Number of protein chains: 2
Amino acid sequence: MTLLILPLPGNEEAAQALAERNAAEVGALTVRRFPDGETYVRLETEVRDRDVALVSSLHRPDDKLLPLAFVAETARDLGSRSIGLVAPYLAYLRQDRRFQEGEGVTSRYFARLISGSVDWLVTIDPHLHRLPSLGAVYAIPTRVLHAAPHVSAWIREQVPQALLVGPDAESAQWVEAVAHGANLPFVVLEKVRRGDRDVAVSVPEVDRWRERTPVLVDDIISTGRTMIETVGHLQRAGLRPPVCIGVHAVFADRAYEDLLAAGAAAVITCNTIPHPSNRIDLTPLLAEGVAAFTPDTTGAVAT
Amino acid sequence: MTLLILPLPGNEEAAQALAERNAAEVGALTVRRFPDGETYVRLETEVRDRDVALVSSLHRPDDKLLPLAFVAETARDLGSRSIGLVAPYLAYLRQDRRFQEGEGVTSRYFARLISGSVDWLVTIDPHLHRLPSLGAVYAIPTRVLHAAPHVSAWIREQVPQALLVGPDAESAQWVEAVAHGANLPFVVLEKVRRGDRDVAVSVPEVDRWRERTPVLVDDIISTGRTMIETVGHLQRAGLRPPVCIGVHAVFADRAYEDLLAAGAAAVITCNTIPHPSNRIDLTPLLAEGVAAFTPDTTGAVAT
């Protein structure tokens, strides 16, 4: 029996693309709200004895957890053989320790809830700050895929004379990986302290890069503050308007509009969270992750 | 050490009233949202080695589950001796079986999540349709309290010449209990079939009740449809405008306004869900339930 892919609401397109790549079937389900705010779920495709992959990107996760847990429990109740979760964007990785007394370590608590609902997890570039790996908080097998090669390929094809730019030392490793994949130069901005409260940001060897298009890359664009500031630094240094790339289009509040207004030449994201800025298709990564967990139920992965 | 009562946002007043009755302490906590929609929690009172009672009424439960689960996990992490939940209104009791193929039995799934978070549960008049008891779905000890005696007392004190009215045979048992407690007469409306599609609703012995004030009582007022229809039946029968009483002020959409507009003399609820219609204080019930689970940490229950 082929793998059954079940999209939670809003993930239908991702599920369809994934199914095409993995020769899987897309099933149907209903998730709706009663007038009193309770969630109703119904699976409309037979799941008995089948391997099931739920697809649910987890931006704004609080609204998504109960429907996801309910659908997973329903599939289990109805006799699914296994139930996995494809979460192109995974949430709750910020609060991975107790920074102040009394705080909840929500990375662990959220991971425990997900681990209690599904048997495996596939995701892309989780925002692991201090955690060595997802296994530090998830009790189920996880598979993490990396967008960098796809981001590199997109830049190589779409941005002539690109220069990768890292906003600070922390970003160097990630920016270097993308630059290396695209065979492009990169710079990391430097903070120059001119006084107690006066910190300037400068572009090293700025004159070398005047004919290039700066490309800013980050894993998540959430409030977009760092990226907006960096756009300003590049502008003041007299460089061209930069292309801003984020893997995950979280975009809190008006971050997307603000980033464009700040002077970005373009704002580009991968399709891990549906958004008008999606340009880089990561379906092949998800397909690879899913195939690894369901080797006997997925067809040959198209390459 | 006295019991520590921790109110989730919106339950501060209920927690304070409960603490006063049980000689317990009210602790403080922060629950807020990051710009990307993730929840942050922090306990501001020391919980180590203490018995903790969280207070969270669970109307519109989907927004409340994660904060509740996170606060419970945080308290556990920080060394609480036990963690209970006082949910004056408990959610997800409607979908207690699979009515149609493929449906999720959310009563069970929600109960499993709550049972995984806390050690005991106190609630008032859960809307058990077909379940014999909460124990059928909750894996933790539960204590169910009943509002009927308090509703009876309120009617006796506030409504001269009251007549309890049940909208249909299903409500008879509950209405009879309230009427009996208040030592008042009650009638149950009768459906009279006059043709294939023509069903009239009549008030038995209607002429006996013209000088009385009808009182409609139900456990939940959600959409309010049944109660609104019943107000119409009484009106057409020439009875006085009724007082409408619900234990739980769920009030989906504009149910409260609609019920007043339909001709109710007053709409009255118990304080299990904060609402302007709250008139009947059930703190004594909650206090009794909590004391039963924490006999060595609560003070003498004031009576």
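Biologist: Why does Leu90(A) count as buried?

Modeller: Leu90(A) has 3% relative accessibility. Buried means under 20% relative accessible area, exposed over 50% and partly exposed in between, with a 1.4 Å probe and protein chains only. Leu90(A) therefore counts as buried. This is a predicted model, where local features need pLDDT of at least 70, side-chain atom pairs count only at pLDDT 80 or more, and totals for chains, interfaces and linings use all residues. Residues are numbered from 1 along each chain as its sequence is written, chains are lettered from A and ligands numbered from 1 in the order in which they are written, and side-chain values use heavy atoms, with hydrogens and water left out.

Biologist: Where is Leu90(A) placed, and which residues is Leu90(A) in contact with, leaving aside its neighbours within four places in sequence?

Modeller: Leu90(A) lies in the loop between strand S6 (82–87) and helix H3 (106–117) of chain A. Helices (H or I, at least four residues) and strands (E, at least two) are DSSP runs, numbered from the N terminus. With those neighbours left out, Leu90(A) is in contact with Leu58(A), Leu121(A), Thr123(A), Leu134(A) and Tyr138(A); contact means heavy atoms within 4.5 Å. Pro61(A) is 29 residues away along the chain, and its C-alpha atom is 8.5 Å from that of Leu90(A).

Biologist: What makes the radius of gyration of chain A agree with a compact globule?

Modeller: The radius is taken over C-alpha atoms, and the globule rule is 2.2 Å times the number of residues to the power 0.38. For 303 residues a compact globule would be near 19 Å, and chain A has 21 Å, which agrees. The C-alpha trace of chain A spans about 65 × 50 × 35 Å along its principal axes. Buried residues are 56% of the 303 in chain A. Chain A has eight helices and 16 strands.

Biologist: What is the area buried between chain B and chain A?

Modeller: About 4100 Å², with 50% given by carbon and sulfur atoms. Buried area is the accessible area (1.4 Å probe) that two parts lose on being put together, summed over both. In chain B, Asp36(B), Glu38(B) and Asp62(B) lose the most area to chain A, together 14% of what that side buries. The contact takes 47 residues from chain B and 47 residues from chain A.

Biologist: Which residues of helix H8 of chain B are buried, and what covers them?

Modeller: In H8 (residues 283–293) the buried residues are Thr283(B), Leu285(B), Leu286(B), Ala287(B), Gly289(B), Val290(B) and Ala291(B). Their cover includes helix H1 (12–22), strand S6 (82–87), strand S7 (120–124), strand S8 (142–145) and helix H4 (148–158) of chain B.
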